[in-house]
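Visitor: I'd like to learn how to read a model like this one. Can you walk me through it?

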Amino acid sequence: TYVAAILLLKLLGLVIFRGSNSQKNAFRSDPESALRNMKAGVDYINTKRGTRLLISGWWGMARHINYLGDWMMGVAWCLPCGFTHAIPYFYAIYFAILLVHR
């Protein structure tokens, strides 16, 4: 059960990470094509710099949803080590501090 939960966390993190980055990449590479190919209801706002900011799909849920998926995968790599020492969790803790600071 513990292994299954870790694998599920890793898989969910991967889905969030890859899905959000793929959506962002498609939108940045060719916004017009991405808008036509994505499901109805794709929204964006025009920024002061003249670029478009995607505000629907994964990017409508959070500002940097891809980092959540990345962090979830990092935690999943730490969990098999158990909770007897903090050293295996250094990456996940460091990454969380880095993201909160950002």
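**Fold, surface and rings**

Guide: The protein has five helices and two strands, where helices (H or I, at least four residues) and strands (E, at least two) are DSSP runs numbered from the N terminus. This is a predicted model, so local features need pLDDT of at least 70, side-chain atom pairs count only at pLDDT 80 or more, and totals for chains, interfaces and linings use all residues. Residues are numbered from 1 along each chain as its sequence is written, and side-chain values use heavy atoms, with hydrogens and water left out.

Visitor: Which pattern does the protein follow along the sequence?

Guide: Reading along, you get α-α-β-β-α-α-α.

Visitor: How much of the protein counts as buried?

Guide: Buried means under 20% relative accessible area, exposed over 50%, partly exposed in between (1.4 Å probe, protein chains only). Here 28% of the 102 residues count as buried.

Visitor: How many aromatic pairs does the structure hold?

Guide: Rings of Phe, Tyr and Trp (its six-membered ring) pair if their centres lie within 6.5 Å; planes under 30 degrees apart count as stacked, over 60 as edge-to-face and the rest as tilted. The structure holds four such pairs. One of them is Phe27 with Tyr44: the centres are 6.2 Å apart and the planes sit at 45°, so the pair is tilted. Phe27 is in helix α1 (residues 2–29) and Tyr44 in strand β1 (residues 44–46), 17 residues apart, so this pair links distant parts of the chain.

Visitor: Is Phe27 buried or exposed?

Guide: Phe27 counts as buried, at 4% relative accessibility, while Tyr44, at 30%, is partly exposed.

Visitor: Why is the pair of Phe83 and Tyr89 stacked?

Guide: Because their planes are at 10°, with ring centres 5.7 Å apart. Phe83 is exposed at 63% relative accessible area, whereas Tyr89 is buried at 13%.
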